[in-house]
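Thank you all for coming; I would like to walk through one model this morning, going from its conventions to its sheet, its core, its ligands and a few backbone details. Please keep the structure open while I talk.

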Amino acid sequence: MFLWALFLIALTASYLSFIASGNRYLHRTSHRSAGGLHWEKQIRSSAQIRRKNGFSVLVTGAGGFVGTHVSLALNKRGDGVVGIDNFNDYYDPSLKKSRRNILRSKNVFIVEGDINDQRILAKLFEIVKFTHVMHLAAQAGVRYAMENPNSYVHSNIAGLVTLLEQCKSANPQPAIVWASSSSVYGLNDKVPFSEADRTDQPASLYAATKKAGEEITHTYNHIYGLSITGLRFFTVYGPWGRPDMAYFSFTRNILQGKPITVFRGKNGMDLARDFTYIDDIVKGCVASLDTASKSTGLGGKKKGPAPYRIYNLGNTSPVTVPVLVGILEKNLKIKAKKNVVDMPGNGDVPFTHANISLAQRELGYKPTMDLPTGLKKFVKWYLSYYGYNDGKGNSVNS
Ligand SMILES: NC(=O)c1ccc[n+]([C@@H]2O[C@H](COP(=O)([O-])OP(=O)(O)OC[C@H]3O[C@@H](n4cnc5c(N)ncnc54)[C@H](O)[C@@H]3O)[C@@H](O)[C@H]2O)c1
Ligand SMILES: *[C@@H]1O[C@H](CO)[C@@H](O)[C@H](O)[C@H]1NC(C)=O
């Protein structure tokens, strides 16, 4: 009897402390970003539409590379934009915070939160009747999947489902445009990659979660009438880019006089990528939003068929990694110390090459940036953002 009482007391105590810690969490986030009148006011003002028939768009991953650029473009033309990002430290969060500051200067607000947080999503949809969701939040990167597989499941699968659950029950349902990836083509070696090619041989967990996303969004389209557009991006680069990508880390290492590792494929073949400039990708994203028909569901029930679309967004002209390095050397006026090694079997594919005729036809997508010009713009941004250390300890900000 006494033991039972003790047990009950312990149980109650642990429950109370659970509640307390929950409240602490609530308090902390409400203080920082989520909840409160000021918070809601910022969201309403950020979502304000400033053009005729404009959209109100929830941009997930708005602190990310593509998310920031898309948010800026939508804001510029007068659409209302609200961002959400968890500012995780997969790469330097201070870069994400700097991007956030740019958006803030345009009155675009990014909610700090995780797309797995059903409560925050529900709150956002309660405050704003989003017409569209531009879903870009994800765990990106191919090689990191071997180090931290669960982060891919968390963001690219569980997070996606939480977001879709919110979208399907929203009234009205938003149309959804989201980022898949060229990596879904995996071991496909038929070039150029067309949307109808097989995508059932992923070479990395990252690719597998993106492929899963294509299947999961199909289900929500089929059952609930959500309008879905999946975009298979091909190696996006440009100012404010991602530090984990080769063109970015090569630039950093070359400037610091450090060697760079250049992978070579089978039989000494150079790796090649269909590098696509950020502004071209943004145009493809915006065109996808503009051409997406409405979702058809209501109250969580489908009322009629809704569109399910998939497009390649690439550049159609693959460039080998040694050529990429050559362009960087020319821009930086420094010779790279190259360490050429065979590509380990860790998820990278030897080449990518997009067939973009479908996006051309249906979205009017037409990339215009060549790699040398685009990299020149990237290097200019890099030097202005990080400054240039000339090796004599002098930091020169250009
Ligand atoms: N950049 C490319 O070359 C490329 C190529 C193919 C596909 N993609 C896809 O495009 C999208 C955008 O890529 P990016 O290059 O801008 O990457 P990014 O990492 O810069 O942006 C993603 C953002 O999402 C946020 N995020 C991640 N998980 C989250 C979560 N659970 N909740 C809230 N926020 C979360 C991150 O903090 C980050 O700011 C991603 O879906 C990516 O997989 C990118
Ligand atoms: C490109 O894709 C289209 C379908 O959108 C297809 O008809 C065409 O044959 C493809 N081109 C090549 C060269 O594979």
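Let me begin with burial: a residue is called buried if 20 or more other C-beta atoms lie within 10 Å of its own, exposed if 12 or fewer, and partly exposed in between, with the C-beta atoms placed from the backbone. With 12 C-beta neighbours inside 10 Å, Asn107 therefore counts as exposed, and its place is in the loop between helix H4 (93-105) and strand E3.

What you are looking at is a predicted model, in which local features need pLDDT of at least 70 and side-chain atom pairs count only at pLDDT 80 or more, while totals for chains, interfaces and linings use all residues. Residues are numbered from 1 along each chain as its sequence is written, and chains are lettered from A and ligands numbered from 1 in the order in which they are written.

On the chain as a whole, the secondary structure comes to 12 helices and 15 strands, where helices (H or I, at least four residues) and strands (E, at least two) are DSSP runs numbered from the N terminus. Of the 398 residues in the protein chain, 43% are buried.

Now to the sheet. Two strands are taken to pair if DSSP finds at least two bridges between them, and on that basis there is an open sheet of 7 strands, in the order E3-E2-E1-E4-E5-E6-E11, with parallel pairing. Strand E3 (109-112) and strand E11 (308-313) stand at the edges with a single partner strand each, so one side of each is left without a neighbour in the sheet. From one strand to the next the twist averages 20 degrees, with axes being lines fitted to C-alpha atoms, for helices over the stretch in contact, and angles running from 0 to 180 degrees between N-to-C directions.

Going through the pairs, E1 and E2 are parallel over 5 bridges, and the bridge partner of Thr60 in E2 is Ile84. E1 is joined to E4 by 4 bridges, with Leu58 opposite Val133 in E4, and E4 pairs with E5 over 4 bridges in the parallel sense, where His135 stands opposite Trp178 in E5. E5 and strand E6 (residues 228-233) run parallel and are joined by 6 bridges; here Val177 stands opposite Thr229 in E6. Helix H9 (residues 278-291) packs on the sheet, touching strand E1 (56-60), strand E4 (132-135), E5, E6 and E11, and its direction makes about 170 degrees with that of E6.

Which way do the residues of E4 point? His132 and Met134 point one way and Val133 and His135 the other way, and all are buried. E2 is likewise mostly covered, with 6 of its 6 residues buried.

That brings me to the core. A nonpolar core here is a set of buried Ala, Val, Leu, Ile, Met, Phe, Trp, Tyr and Cys residues joined through C-beta atoms within 7 Å. The largest one has 99 residues, of which Val57, Met134 and Cys285 touch the most other members, and its largest share, 7 residues, comes from H9. Leu231, in strand E6, is buried, with 26 other C-beta atoms within 10 Å. Counting a contact when C-beta atoms, placed from the backbone, lie within 7 Å, and leaving out residues up to four places away in sequence, Leu231 touches Val177, Ala179, Ser180, Gly284, Cys285, Ser288, Tyr311 and Leu313.

Turning to the ligands, a residue is near a molecule if its C-beta atom, placed from the backbone, lies within 6 Å of it. Around ligand 1 there are 28 residues, the closest being Gly61, Gly64, Phe65, Ala138 and Ala179, and H3 gives the largest share of this shell, 3 residues. Around ligand 2 we find Pro192, Ser194, Asn355, Ser357 and Leu358.

Finally, some backbone details, bearing in mind that most residues other than glycine have a negative phi, and most peptide bonds are trans. The peptide bond from Val191 to Pro192 is cis, with omega near -10 degrees, and a cis peptide bond also joins Asn171 and Pro172, with omega about 5 degrees. Phi of Asn107 is near 65 degrees, and Asn53, which is not a glycine either, has a positive phi of about 55 degrees.

Definitions and conventions. Contact = placed C-beta atoms within 7 Å.
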